[in-house]
Amino acid sequence: MFAAGAAIFALLYSAQAVLPQISAEFQVSPASAGLTMSAATAALALAIVPASALSERWGRARVLVWAVTVAAVLGVLLPFSPTYGVLLAVRALQGVAMAGMPAVAMAYLADEIHPSALAGAVGTFVAGNGLGGLSGRLLAGVVTDAGGWRWGLGAVSLLSVLCAGTFVVLLRGLPSHRPARSAGDGVRVHLRDPLLRRLFVAGSVLMGGFVTIYNYLSYRLLQPPFELPPAVVGLIFLAYLAGTAASALAGRLADRRGARVVLAGSVLVAIAAVLLTVPDRLPAVLAGLVLLTAGFFAAHAVASGWVSRQAATARAQAAGVYLFAYYFGSSVGGWIGGLVFERGGWTATALYVAVMFAVALLPVG
């Protein structure tokens, strides 16, 4: 699962590190360049519930292998995109392929891990995903600075091919799961649960706000008064290390202290942190980014684990609906965040994200 997460999330988020370069080459605005991320996450969101249903019938192992393999192959083709339209189309196809991994992984953990340890297991899994996303962003940024964004995405694709190969080899022995109730029945049951509905909304707004920050902060840091070199701007993704640690810690705390308390604390930290990024002072911006990343990852780990515990039946569908909301928020919330950034600057963007995060307190009430 660690190898699969590294492959998928490196591919998914590597484009985030090269958005300014894509803007320059194809002469598109920041919000339009952000569609490089939104195309993948929107397609992933739409495909994740069907993928979770397919895994109940076709087998978890097959869905995982196809998801990781096809996404890696498309990643190799991506740098050869001749036009921006082709680039978006390949990213959308990648999103469809990627959907199988997160849809199946959460359900597998819920099936195999004792409920008393599930939040900690999910936190560890989310931490691994964060390391994959971090490596993809950093590698793309460093190689892009040396040879251009196509080489940057190509380097990440090669890394993902290696991870995918490792995953396929190690997957032998993943147990098959018996078919469950139909996806439609499961989805309807979960949508009737008030707490699950609030958790789905929380996942959506958390990811929408988080991806907005990482999509457009690089534009801000490249401009006055900061005017940082692209290679230095790429290092902001090291803040993901704080998220990796926080997600694992939050999962264990939720097992002991309760998900409600840990989710509330994590969200409040994220709200305070995003406001810390408003002043034009680099130390404050970087400190805010680190704290925001930690708060977001902790909140996501707790919320996703809470969904798995709350769903008494059809856990694959519960995880699928949560992830649909999560990536739908990334796609739509991130795109709207780009429009806010273009029209209102960073202060308006930070306020937009703070309001999004505040909505994520719904399950606590």
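1. In this predicted model, R137 lies over the face of Y214, at 5.7 Å from the ring centre. The ring of Y214 also belongs to a cluster, linked by ring pairs, that takes in F210, F237, Y240, F296, F297, Y322, Y326 and Y327.

2. The aromatic pairs come to 19 in total. One of them is formed by Y219 and F341, whose ring centres are 6.4 Å apart with 50 degrees between the planes. That pair is classed as tilted, because an edge-to-face pair needs planes over 60 degrees apart and a stacked pair needs them under 30. Y219 sits in helix α11 (residues 194–222) and F341 in helix α16 (residues 315–359), so the pair links parts of the chain that are distant, 122 residues apart. Both Y219 and F341 are buried.

3. Helix α11 also packs against helix α2 (residues 19–26), at an angle of about 75 degrees and with 9 Å between the axes. This makes α2 roughly perpendicular to α11, since angles of 65 to 115 degrees are counted that way. On the α2 side the contact is made by L19, P20 and S23. On the α11 side N215, S218, Y219 and L222 take part. Y219 therefore has a place both in this helix contact and in the aromatic pair with F341.

4. Past α2, Q27 is found in the loop between α2 and α3 (30–33). Its phi is positive, about 55 degrees, although Q27 is not a glycine. Q27 counts as exposed, because its relative accessibility of 73% is above the 50% cut-off.

5. The loop between α11 and α12 (230–233) holds P225. A cis peptide bond joins P224 and P225, with omega about 5 degrees. E227 is found in the loop between α11 and α12 as well. Phi of E227 is near 50 degrees, again a positive value in a residue other than glycine. With a relative accessible area of 54%, E227 is exposed.

6. Helix α15 (residues 282–310) has 29 residues, which at 1.5 Å a residue should span 42 Å. Of the 29 residues, 21 are buried, so α15 is largely enclosed by the rest of the structure.

Terms used
Residues numbered from 1 in each chain as written. Predicted model: local features only at pLDDT ≥ 70, side-chain atom pairs only at ≥ 80, totals over all residues. Heavy atoms only, no water. Phe/Tyr/Trp six-rings, centres within 6.5 Å; stacked < 30°, edge-to-face > 60°. Helix = DSSP H or I, 4+ residues; strand = E, 2+ residues; numbered from the N terminus. Buried < 20%, exposed > 50% of the residue type's maximum accessible area, 1.4 Å probe, protein only. Lys NZ or Arg CZ within 6 Å of the ring centre and 35° of its normal. Expected span 1.5 Å × (residues − 1). Axes fitted to C-alpha atoms, helices over the stretch in contact; angles between N-to-C directions. Parallel < 35°, antiparallel > 145°, perpendicular 65-115°, else oblique. Contact = heavy atoms within 4.5 Å.
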